Structures are given as structure tokens and as C-alpha cells.
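Subject: Structure handover and findings

Hello,

Here is the structure we spoke about. Please look through it alongside the notes below.

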Amino acid sequence: MENKIYDLTLNFWNSAVIRAGVKLNLFNLLEKKALSSVEVSHHIKASNPRFIQAFLDACAILGLLEKEEDKFTNSAISNEFLVPHQPKYLGDYVCHITNYWHTWGKLDTLLLEGRTELPFENGFIDTSTYWADYMKAQHNRAMMGQGAKLVENVNLNGKQKLLDLGGGTGSYSVALCAANPQLKSIIVDQKEPLELARKIVDENNLANQITLVEDDFNTIELDNDYDAVLISGVIVIQSEKENRHVLHRAYNALSSGGLIIVQDFMRIDNNPSRQFLDTMMDLYLLLGFSPNAGNRSGNKVASWLKDTGFINIKQIPLPTQLALILAEKPAKIEQIC
Ligand SMILES: C[S@@+](CC[C@H](N)C(=O)[O-])C[C@H]1O[C@@H](n2cnc3c(N)ncnc32)[C@H](O)[C@@H]1O
């Protein structure tokens, strides 16, 4: 029984080790080579090889490295997920989640104060690193399969015009536009995410299909002839009032019969394997995003969609981190005011 307490207490050591490995570019270094701790120390310019030997042994015990005699090389899992040029790279996600190190370290205080604290507010990292890691982490998730699942579950045949509110790095517009060459997407977001979005859109040769608009999705004047609106990763970070407002705006932006796609952390099925992530996510969102944030139930989001006027609401659990809800604006109904 006491092992459970030891495990819970020591788990943060594991997060520190994987974070340091990513930050030190270790997995890039050991992708194809086997190096000793002295050689690794030399490459990463560490002053004391004894520290690096202990660290590499810790990586090996966690399964991140393999050790043969005195040489270390990446394990298969590190080669797949922690080497930056690999398609399933998750290193930015590792950094983003662990950027909340000081925030979690102050959990008792923040609980008593009922307060959110972002990583650049407590000095753990600076604002630009926060934004870069946050946005690249969202892109990691999309590339890990979330983008493919979205494409698989959303039929945009014949649809011409997509509005991606809070589209971030544009990963999902990229996935949908690549799969639907007739589709044009307009992404509305803030300056920092759009800088990364520009790069990703260009790398995918989709500049002719995707337009980036720097603006506030709560106030920007929107056309009213979109075939589809995507709201991904937004519902969790806003209050119910803000969410109802953005759904209302999406409704008015859609043509009759248009499709709304909500993709987010949502409790849709009662799959026990999701309970840990859903439960911890709710706490993390409060601590690290906004006192109004939260991991909502699919039924709650569906009820907001219904109240807004949407019909044919379908909740779709996915094997990936984010779930989907699809709904339609009824054909030939007046705009709501
Ligand atoms: C969690 S990210 C999701 C990004 C992307 N849609 C995805 O699913 O990966 C939330 C995004 O909403 C954007 N956002 C939040 N409030 C916004 C607002 N009022 N106007 C425009 N963008 C906003 C943030 O800048 C951020 O890029």
C-alpha cells in the first residue's frame, strides 16, 4: 500500500527527467549514436560528467534511453516521439505541460486563493517561450493523430468555406484543407499563434486555401455564408457565458444547413481509461488558464448548442485526447439576434 504513496510522491522526478532530456536536445543527439556520459557532457557542454552520468542512468531506468556497457542511445519510444524531425514528435507537448512546474508547485496556495497562475507570471519561463511551446504543443497533438481523426469524422464534401475560430497554429485547417482541396479556410486568432500558423501553412503549400486573420473572435465582423465553423480547443478555456457567445456568433456566421464542429477535451463516453486525463485536465485548466475554464461534459456543450438553435447534434468520442461534437444550423431559418 505504501508503494502507492511513494509512487505518487516521486512521479514528478520522472517529469523533470523527460523535460531536461528535451530541453538539452538529448534525444536528437542519441537518435543514431551511442555515446558515453563523458561524450554527452562534451556535446551538451556540461561542466561535470558525473551529473550527466547520473542523469543518463535516470533516463535509462525510465525507458527513455538504452544503456550498453558505458554507452547510451535512444530507446525506440524516444526515437519515435522525442526526436524533433519525427512526425510524431511530442517534445513541445512535454515542454508546454511541464512549463507549469511552478504553478503545480504552488497548488496548495492557488487552491486557497482560487487563483490561476500562468508560467510567465511566476517566472518559470518568459512569455514568448510560453506561447511558442503552447502553440507547438497543440500542433504536436494534431500531428499525433488528432488531425487525422478530425478528417475521418467530418464530411466536408462540397463545402467551400470554413471559419476556424481560435485556430491557433492552423493545424486542423491544414488537415481539413489538405483532405478537401475545394475548401478555403479563414483562421481567426491572435498574433503569436498566427506567426507559427504562417510557417505551417506554407510548409504544407496551403497558402492558396488558408487565410490568416489577426483579430478577436468575440468582436471581429464575420461573413454569414460559411459552410462550416470549427471551434477547437476554445470551449475549455472560456466561461459558459463566453462559450454561448461564441457559439451564437458561429451560428450567425453559418449559411442555412451549415455545420459546426466543436473539438475539445470533453467528457463524452464514460471510458475509465479517460477518467484520469479528464479529471486532472479540469484542475489544470483552472490553475493554468482561467478561473472560468473547465473540462465540460459533452452533454453540457450539446445543451449550449441546442439552446443556440443547432440541430442534429452528434457527440463523437475519439481515441485521441480531444472529442468531437457536430451539429447543424437548420435550413432556412432567420438569423438569431
Ligand atoms: C487551446 S488553443 C487551440 C488552438 C487550435 N484551435 C487547436 O485546437 O489546436 C486556443 C486558441 O484560441 C485563441 N484565442 C483565445 N481567445 C481568443 C480570442 N478572443 N480571439 C482570437 N483567438 C483567441 C488562442 O490564441 C489560442 O490559439
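E80 forms a salt bridge with K88, with 3.4 Å between the closest N and O atoms. A salt bridge here is a side-chain nitrogen of Lys or Arg within 4 Å of a carboxyl oxygen of Asp or Glu. E80 is partly exposed at 35% relative accessibility. K88 is also listed as partly exposed, at 35%. The cut-offs: buried is under 20% relative accessible area, exposed is over 50%, and partly exposed lies in between (1.4 Å probe, protein chains only).

This is a predicted model: local features need pLDDT of at least 70, side-chain atom pairs count only at pLDDT 80 or more, and totals for chains, interfaces and linings use all residues. Residues are numbered from 1 along each chain as its sequence is written, and side-chain values use heavy atoms, leaving out hydrogens and water.

Other salt bridges

The search of the whole structure gives 16 salt bridges. K149 and E152 pair at 3.1 Å, N to O. Both sit in helix α9, three residues apart, about one turn of the helix. Helices (H or I, at least four residues) and strands (E, at least two) are DSSP runs, numbered from the N terminus. E152 is exposed at 56%, while K149 is partly exposed at 22%.

K161 and D225 meet at 2.6 Å, N to O. K161 is in strand β4 (residues 161–165) and D225 is in the loop between β6 and β7, so this pair ties together parts 64 residues apart in sequence. D225 is partly exposed, with a relative accessible area of 38%. There is also a network of salt bridges, linking K106, E113, R115 and E117.

Core

The largest nonpolar core holds 42 residues. Such a core is a set of buried Ala, Val, Leu, Ile, Met, Phe, Trp, Tyr and Cys residues joined through side-chain atoms within 4.5 Å. Y130, L150, V154, I210, I261 and F289 have the most contacts inside it. Elements that each supply at least two residues include α10 (171–179), β8 (254–264) and α13 (272–288). Helix α9 gives the most, with six residues.

Surface patches

Y6, L10, F12 and W13 make a nonpolar patch, with about 470 Å² of accessible area together. Patches take residues with over 30% relative accessible area and no salt bridge; like charges are joined within 9 Å, nonpolar side chains (Val, Leu, Ile, Met, Phe, Trp, Tyr) within 5 Å. Areas come from the Shrake-Rupley method with a 1.4 Å probe, and for residues only the protein chains shown count as cover. W13 is in helix α1 (residues 2–23). W13 is exposed, at 52%.

E66, E68, E69 and D70 gather in a patch of negative charge. Lys and Arg count as positive and Asp and Glu as negative; His and the chain ends are not counted. Each charge is placed at NZ of Lys, CZ of Arg, CG of Asp or CD of Glu. D70 lies in the loop between β2 (65–68) and β3 (71–74). D70 is partly exposed at 47%.

Backbone

Most residues other than glycine have a negative phi. K45 has a positive phi, near 60°. K45 is in the loop between α3 (37–44) and α4 (49–61), and is exposed at 74%. N205 has a positive phi too, near 50°. N205 lies in the loop between α11 and β6, and is exposed at 64%.

Best wishes
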